Amino acid sequence: MLCVFNGVISDPKIKTNIIPNIEHSKLAKVNAIILHRTSASTVESTLNAWKTKNTGAHFLIAKDGTIYQTAAINKRCWHVGLLRSRCRIEDSCSEKDTEIIKKALHSSGSWKSKFKKVYQHEKTKDYPDRYPLNSDSIGVEIIGAYLGKSGDKGLFEQIQKAQSKSFLWLMTELLEHFSLSFKDDVYAHDSIARKKVNEGVKASQLLQEYCQ
Amino acid sequence: MRIPPIRLLPLLTTAIASISLIACATNTASEQKYTNIQIANQGLSVDRDPLVQSTCEDFQLTESQIQSFFNRAKTISEQELHHGYDLLPCYSEGTLTYQTQEFHWLIRAGGTGELTNSNKKTNVVCPEKESGDIQGLH
């Protein structure tokens, strides 16, 4: 069981390293956990980058297995990005939904605005009809460089043994703390947003194998 | 490999900087740093959703637009790309020559791209305010 004070976990396995600029408004309800990779091979480069930005995630797991809590779990982090349409991916859209998405994608304006319109449409739905947003999810980042030679379908660095152990411990605790299901409420970043194709996929598989 | 920054020459004055920008837009000698531009595939999508795929088919660039893109692009790290940009699913790709070496180029809708060969990968970005005139890029 996690001991949490004002959103900060008190546990010898977690190093508190709160970065105030990646913490945003109140995170009232946590519906899901999103798994990320950093595209950087060291903790230092990621922490330094987050200190100068307003994007980041709640937890960071180093290659040696050290877990850093970088944002309070009652605060939102901007870690999701442009959400994809869940019903399109799962082939469950209503005709009306499909029409709205089609119209958005073929609308005039910039490329980003087209995909942003889809994202805004998704935001009108309740979870789990849509994928999790910054407003209802926790982000867990695992250190690892992107190894793809070209394009967005490459792999990330392998998750180290120590990372894997820490990751599975943290996920077990978080899932219990928020009463979430490992099957239904944990997402690889790429599966829900416009990012590299394999981001978070291995971590997600690791968790599924561990829990089943 | 290093992407030549657009402002390399015009450290001097704003006036010279403006001339340089215009030169880029009009495809003069400064645009010839990237030569032998070959377009292999246009309007591709990493997303398998047919609706997204059909949207991406509209992502078509001309040779001179590709040249302008790389001339104006600034290099960013993999980490900056990862955390700072949404990677839109539409892209085009091909090959080009830079300083006698052949590279594979890839440009995504929204203004990010990359140049790769067997030794190196360089991620680049062309912000909208600096490349809004490259029609269909943003």
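A: Let's begin at Gly110(B), which takes a positive phi near 105 degrees in the hairpin of strand 4 and strand 5 of chain B, where three residues sit between the strands. Please keep in mind that this is a predicted model, in which local features need pLDDT of at least 70, side-chain atom pairs count only at pLDDT 80 or more, and totals for chains, interfaces and linings use all residues. Residues are numbered from 1 along each chain as its sequence is written, chains are lettered from A and ligands numbered from 1 in the order in which they are written, and side-chain values use heavy atoms, with hydrogens and water left out.

A word on terms: helices (H or I, at least four residues) and strands (E, at least two) are DSSP runs numbered from the N terminus, and two strands pair if DSSP finds at least two bridges between them. On that basis, strand 4 of chain B and strand 5 (residues 112-116) of chain B pair in the antiparallel sense, over five bridges. Within this pairing, His104(B) stands opposite Thr116(B) in strand 5 of chain B.

Strand 4 (residues 101-108) of chain B also runs antiparallel to strand 3 (residues 90-98) of chain B, and eight bridges join the two. Here Thr97(B) has Glu102(B), in strand 4 of chain B, as its bridge partner. Strands 3 and 4 of chain B form a hairpin with two residues between them, and Gln99(B) in its turn has a positive phi of about 50 degrees.

Cys90(B) is joined to Cys56(B), with 2.1 Å from S to S. The link of Cys56(B) and Cys90(B) is left-handed, with -65 degrees about the S-S bond. Because Cys56(B) lies in helix 2 (residues 50-56) of chain B and Cys90(B) in strand 3 of chain B, the pair ties together parts that are 34 residues apart in sequence. Cys56(B) is buried at a relative accessible area of 0%, and Cys90(B) is buried at 0%; buried means under 20%, exposed over 50%, and partly exposed in between (1.4 Å probe, protein chains only).

The count over all chains comes to two disulfides, and the other bond takes us to chain A, where Cys87(A) is joined to Cys93(A) (S to S 1.9 Å). This link of Cys87(A) and Cys93(A) is right-handed, with 80 degrees about the S-S bond. Cys87(A) is buried, at 6% relative accessibility. Asp91(A) belongs to the loop between helix 2 (86-89) and helix 3 (95-105) of chain A. Although not a glycine, Asp91(A) has a positive phi of about 55 degrees, and at 72% relative accessibility Asp91(A) counts as exposed.

Finally, the open space. A pocket, on a 1 Å grid over the protein atoms alone, is an open set of points with protein on both sides within 12 Å along at least five of seven lines, and its lining residues have an atom within 4 Å of a point. Grid points are joined across faces, edges and corners, and a volume is the space filled by probe spheres set on the points. The largest pocket holds about 660 Å³. Its lining has 31 residues, with Thr55(A), Lys195(A), His83(B), Gly84(B) and Tyr85(B) nearest the centre. Helix 4 of chain B gives the most to this lining, with five residues. By class, the lining of the largest pocket has nine nonpolar, twelve polar and ten charged residues; Ala, Val, Leu, Ile, Met, Phe, Trp, Tyr, Cys and Pro count as nonpolar, Asp, Glu, Lys and Arg as charged, and the others, Gly among them, as polar. Domain 1 (4-82 + 132-211) and domain 2 (86-123) of chain A both give residues to the lining, so the largest pocket lies between them; these domain bounds come from an automatic or database domain assignment.

Notes. A disulfide is a pair of cysteine sulfur atoms within 2.5 Å. On a 1 Å grid over the protein atoms alone, a cavity is a set of points where a 1.4 Å probe fits but cannot get out, and a pocket is an open set with protein on both sides within 12 Å along at least five of seven lines; lining residues have an atom within 4 Å of a point.
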